[in-house]
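Open the model in your viewer and keep the selection tool at hand.

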Amino acid sequence: MSPLLSIENISKGFSSAGRQIIALDNVSLTIAAGETLGLVGGSGSGKSTLSRILLRLVSCDAGSIRFDGEDWLRLKGAALRRKRARMQMVFQDPLAAFNPLATVGTVLDDPLRIHGIVARDRRPGEIAMLLERVGLTADHANRPVRALSGGQRQRVAIARAIATRPSLLVLDEAVSALDVTVRGRILELLVDLQKQQGIACLFISHDLAVVRAVSHRVAVMDGGRMVEIGPAAAIVAAPQSAAARALVAAVPCLVTDPS
Ligand SMILES: Nc1ncnc2c1ncn2[C@@H]1O[C@H](COP(=O)(O)OP(=O)(O)OP(=O)(O)O)[C@@H](O)[C@H]1O
């Protein structure tokens with residue numbers, strides 16, 4: 001079976017202050033339906049540039065992307081808008097994406113309306129179902145976004161992302177700003193969604209411990225190149241590249257012996 005997402009030989013350069021920066025150099029990866037792929041790498045390794053190209057926010061210089069059976073980078077207009085419902089994103093700071101004065105209900109109603117997911121009279125029920133799906137209650141629909149905690153806002157961001165029934169979620173540093181307990185609960189929610197609904201995830205983070213907690217496979221980037229890709233447990237147990245070894249070494253060891 002062909003993968004849900006196939007990124008092939010993507011390259012991207014930027015010129016900055018007269019200097020040419022190679023942000024991505026021939027990067028390839030695949031994600032199967034229902035699979036979570038963790039993408040890790042140090043600062044400046046090219047993770048965000050790759051996610052921006054995938055989300056069609058910036059163009060690439062070379063390479064191709066197939067998503068859900070389509071030549072993704074060539075889709076335009078109505079065909080692109082339709083297909084966008086199938087690839088949704090969750091960023092680090094959900095407040096930046098939401099109008100803070102809007103209620104949670106409005107935030108969730110927008111994608112249902114724009115993508116025509118359910119008829120108008122069924123939307124309040126769908127919103128209640130989405131809120132429950134992410135561990136909130138139907139009452140949250142009436143609250144303004146600004147009245148929510150960071151963890152609750154990130155749950156709303158996830159509810160919004162799954163509202164259009166996507167086959168792929170792209171999560172870029174989606175839990176990095178949350179405190180450690182809230183982060184753990186959001187990671188559990190993501191694993192649950194992946195298991196219950198078979199949603200595939202591209203989970204991008206600089207933190208290997210976080211990536212390891214949710215990913216089937218891990219891809220490691222360094223200096224714009226893909227240096228290692230394989231089962232998450234194998235990469236953590238026996239990293240092959242210098243970049244992966246550095247990321248493993250950066251994970252705090254939780255087993256201590258103070259005596
Ligand atoms: N718009 C831009 N103009 C110039 N250079 C850029 C631009 N966007 C990214 N870069 C450069 O491309 C390289 C990759 O950056 P990118 O943001 O993709 O890395 P990253 O792995 O996401 O890093 P971080 O974890 O710090 O966000 C870096 O050298 C960065 O400075």
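**Sheet and helices, stop by stop**

Select residues 36-41 and 200-205: these are strands β3 and β8, which pair in the parallel sense over five bridges. Bear in mind that the model is predicted. Within this pair, pick Leu 37 and then Leu 202 of β8, its bridge partner.

Now extend the selection to the whole sheet. Six strands form an open sheet with mixed pairing, and their order is β6-β7-β8-β3-β9-β10. Go to residues 87-90 (β6) and 225-231 (β10): these are the edge strands, each pairing on one side only. From one strand to the next, the twist averages 20°.

For the last stop, show α6 (residues 150-162) and α7 (residues 180-197). Their axes come within 10 Å and cross at roughly 15°; the two helices are therefore roughly parallel to each other. The crossing of α6 past α7 is right-handed. Which residues make the contact? On α6, select Gly 150, Gly 151, Gln 154, Ile 158 and Ile 162; on α7, select Val 182, Arg 185, Ile 186, Leu 189 and Leu 193. Coloured by class, this contact shows six nonpolar, three polar and one charged residues.

Terms used: Residues numbered from 1 in each chain as written. Predicted model: local features only at pLDDT ≥ 70, side-chain atom pairs only at ≥ 80, totals over all residues. Axes fitted to C-alpha atoms, helices over the stretch in contact; angles between N-to-C directions. Helix = DSSP H or I, 4+ residues; strand = E, 2+ residues; numbered from the N terminus. Parallel < 35°, antiparallel > 145°, perpendicular 65-115°, else oblique. Left-handed = near helix turned anticlockwise from the far one by under 90°. Contact = placed C-beta atoms within 7 Å. Nonpolar A, V, L, I, M, F, W, Y, C, P; charged D, E, K, R; others polar. Pairing = 2+ DSSP bridges.
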